[in-house]
Amino acid sequence: MSICVANISKSYKNVKALQDISFNVKVGELFGIIGPDGAGKTTLFRILTTLLFADNGRATVSGWDVVSDYKNIRKSVGYMPGRFSLYQDLTVEENLQFFATIFGTTIEENYDLIKDIYVQIEPFKDRRAGKLSGGMKQKLALCCALIHKPKVLFLDEPTTGVDPVSRKEFWEMLKRLQQKNITILVSTPYMDEAALCDRIALIQDGKILEIDTPEAIVKHYPKPIYNVSANNMYKLINSLNAYQYIHSVYPFGEFVHYTDKRAEFNAVELKLYLESKNLSNIRIEKTVATIEDTFMELAK
Amino acid sequence: MGNVMKTILYIIQKEFKQIFRNKGMLPIIFVMPILQLVILSNAATFEVKNIKFGFIDKDHTSTSRALVEKFNASTYFDVLTDFSSEALASASMLKGEVDVLLNIPQYFERDFQKDKYNTLGVTINAIDGAAAGLENVYITQIVQRFNQNLKVDLMQITDQQVQAINIETIPLFWYNETLNYKTFMVPGILVLLVTMITLFLSGMNIVREKEIGTLEQINVTPIKKSQFIIGKLFPFWVIGMGLLTVGLILAKVIFNVPMIGSLPLMYLYTSVYILVVLGIGLFISNFVDTQQQAMFISWFFMVIFILMSGLFTPIESMPKWAQTITEFNPIKYFVEVMRMVMLKGSRFNDILPQLSKTALYAFVMNGLAVWSYKKTD
């Protein structure tokens with residue numbers, strides 16, 4: 001096991017940030033912590049990166065205890081905090097050089113690891129980090145977190161505030177890093193990114209709702225789910241909420257995801273009901289659940 | 001070991017790069033102190049000059065004119081106005097046009113000859129108490145000297161022989177013979193500048209890493225706190241020593257302040273002293289989250305340190321409890337040492353008490369700072 005978390009709890013005054021969290025991450029696994037803002041993701045990362053003590057429970061990273069062996073952990077993990085935390089007034093190259101030096105290594109020594117990423121920002125290596133675009137900053141931060149060839153990489157919301165193209169590129173980079181046997185723990189509030197992980201933990205209000213592969217989590221969704229659309233989205237949602245057999249309704253792009261209380265769902269009946277509410281262009285079709293649906297169901 | 005040194009050196013290098021890239025920082029470090037030294041040393045003098053002097057001469061005799069002439073001859077007084085009445089004179093003082101009024105009564109010369117005694121009216125604007133006190137001393141000196149001459153001129157020889165023997169004091173101002181205030185102030189202001197700049201910079205520096213989040217990233221690296229702190233603070237130690245050098249050169253070139261004592265001794269003391277300031281800066285930065293807070297707290301200490309340093313008000317005239325507090329004021333020791341070494345030529349043994357207290361202070365302060373730095377981990 002690369003990361004073992006056992007019954008970790010942490011409170012800030014009267015806020016319970018983490019409650020009895022347990023999970024394991026295998027070597028070389030890309031593990032996602034998925035949850036909304038304030039779910040406790042950053043607190044968990046800070047505990048695992050030895051920046052914060054847990055109130056209860058134990059955790060090990062690469063076999064080292066986060067409390068007693070923190071020195072070894074600091075040598076062998078890479079950490080990318082949620083906020084861009086490099087020196088804005090140093091250049092791209094100087095930042096990288098700085099982190100290489102304090103880890104007692106050189107850029108040349110581990111260049112092959114960061115090469116794929118670094119070549120993209122190398123044309124700007126003399127530019128100050130503060131003057132880079134959001135996506136470039138992200139790439140630089142990843143390079144700095146990788147420069148000492150860590151065994152485990154902690155990425156706290158690495159794609160928050162990054163454009164969709166850069167986000168996609170970033171996840172491709174993570175997939176490539178995984179090939180090099182680096183364990184990656186990544187947190188994100190974006191459900192679409194969850195599907196790219198090997199396994200995910202859904203977390204809310206400091207509690208883990210479920211841990212499994214994205215495919216399995218989706219399969220766990222208990223009910224058939226329907227895409228419903230009509231000419232007036234707002235009215236449609238209000239009408240569905242007033243429907244006597246409703247189980248759940250969430251807007252989902254151009255559709256509404258609807259589930260029914262009954263075991264036997266009757267589409268014709270629903271259509272008639274909606275028509276009675278003066279809605280037109282009504283379409284009802286069965287669809288597959290997404291991670292977001294599962295999350296909403298679990299978080300209910 | 002080699003690796004440790006390499007890391008520290010790299011942090012120092014990085015720190016210098018950042019300082020020199022900060023366009024706002026450079027003028028603060030080098031231009032501001034120089035300007036302050038030049039301006040403050042010229043302005044912050046205790047001498048009272050160009051006193052606006054007015055008089056009412058109701059006597060109009062050669063004696064009264066001679067007295068006014070004495071004031072005119074003095075470099076301290078600018079004789080401005082001859083008022084015709086007391087009412088006019090008072091109105092003028094109310095407007096702030098005169099600082100000192102001399103009222104020479106009618107029959108001044110006649111009565112003096114007759115009674116061998118007379119009185120003069122002196123009115124001083126005492127809004128500034130310190131200046132008024134000095135003005136009084138100047139006036140008394142001039143009148144006394146005038147008195148002596150007058151006795152000789154107006155009295156008979158027999159009278160003089162009966163006169164009691166005068167005791168005259170001749171003050172000698174050692175180590176600053178001409179009582180030149182610049183000689184006295186320049187070392188003091190130099191001390192303030194070195195302290196202020198190093199305290200503010202070091203106090204704000206580590207907080208800056210907190211603010212921009214790099215400290216969090218640094219904490220998840222194998223770097224040791226001590227390496228990091230040394231690497232971060234050493235540049236400010238160098239800047240402090242650099243400021244001392246610039247200040248000493250200015251003191252010599254612009255103000256021609258005598259430098260009797262040994263320069264290496266000054267540098268030795270300063271090198272220990274800056275450690276105290278850096279320790280205080282680090283200590284402050286451990287308890288705050290933003291540079292703004294660090295700045296305010298640094299200012300708070302700075303103001304107390306300056307006002308209780310003996311630079312502007314003598315420590316001897318402070319109440320007992322305040323004197324006890326000054327024992328914990330590092331600036332006090334620095335001011336003492338700089339003045340002792342520069343003006344008096346004190347040697348190592350003379351400044352040993354101050355040096356050892358400062359060294360102890362540096363040790364305690366840095367110990368506290370490092371301890372609290374670890375605690376906030």
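# Exercises on a two-chain model

Asn281(A) sits in the loop between α10 (267–276) and β14 (283–287) of chain A. Helices and strands here are DSSP runs numbered from the N terminus (helices: H or I, at least four residues; strands: E, at least two). The model is predicted: local features need pLDDT of at least 70, side-chain atom pairs count only at pLDDT 80 or more, and totals for chains, interfaces and linings use all residues. Residues are numbered from 1 along each chain as its sequence is written, while chains are lettered from A and ligands numbered from 1 in the order in which they are written.

**Exercise 1. Domains of chain A**

State where the domains of chain A lie and which elements supply the side of domain 1 that touches domain 2.

Solution. 
- Step 1: read the bounds, which come from an automatic or database domain assignment. Chain A splits into domain 1 (3–213) and domain 2 (225–299).
- Step 2: take the centres over C-alpha atoms. They are 38 Å apart.
- Step 3: count the contacts (two residues touch if their C-beta atoms, placed from the backbone, lie within 7 Å). In chain A, 7 residues of domain 1 meet 6 residues of domain 2.
- Step 4: assign the elements. On the domain 1 side, α7 (191–194), β9 (199–204) and β10 (207–212) of chain A each supply at least two residues.
- Step 5: sort by class. Ala, Val, Leu, Ile, Met, Phe, Trp, Tyr, Cys and Pro count as nonpolar, Asp, Glu, Lys and Arg as charged, and the others, Gly among them, as polar. The domain 1 side holds 5 nonpolar, 1 polar and 1 charged residues.

**Exercise 2. Chain B as a whole**

Find how many helices and strands chain B has, and where its domains lie.

Solution. 
- Step 1: count the elements. Chain B has 15 helices and 4 strands.
- Step 2: check burial. Of its 377 residues, 32% are buried.
- Step 3: Chain B has domain 1 (2–44 + 178–375) and domain 2 (51–162). Their C-alpha centres lie 49 Å apart.

**Exercise 3. Two helix pairs in chain B**

Classify the packing of α2(B) with α8(B) and of α10(B) with α11(B).

Solution. 
- Step 1: Axes are lines fitted to C-alpha atoms, for helices over the stretch in contact, and angles run from 0 to 180 degrees between N-to-C directions. Under 35 degrees is roughly parallel, over 145 roughly antiparallel, 65 to 115 roughly perpendicular and the rest oblique.
- Step 2: α2 (residues 25–43) and α8 (residues 181–212) of chain B pack at about 155 degrees, axes 9 Å apart. Therefore α2(B) and α8(B) are roughly antiparallel.
- Step 3: their contact divides into 10 nonpolar, 2 polar and 1 charged residues. Ile29(B) and Leu37(B) are among those from α2(B), and Val186(B) and Leu193(B) among those from α8(B).
- Step 4: the axes of α10 (residues 225–253) and α11 (residues 263–287) of chain B come within 10 Å and cross at roughly 130 degrees. That makes α10(B) oblique to α11(B).
- Step 5: the α10(B) contact with α11(B) has 9 nonpolar, 3 polar and no charged residues. Contributors include Phe236(B) and Trp237(B) of α10(B) and Ile274(B) of α11(B).

**Exercise 4. The chain B side of the interface**

Identify which element gives the most to the side of chain B that touches chain A.

Solution. 
- Step 1: the contact takes 19 residues from chain B and 21 residues from chain A.
- Step 2: α1 (2–21) and α9 (214–219) of chain B each supply at least two residues of the chain B side. α1(B) gives the most, with 8 residues.
- Step 3: by class, the chain B side has 5 nonpolar, 9 polar and 5 charged residues.

Key. A residue is buried if 20 or more other C-beta atoms lie within 10 Å of its own, exposed if 12 or fewer, and partly exposed in between; C-beta atoms are placed from the backbone.
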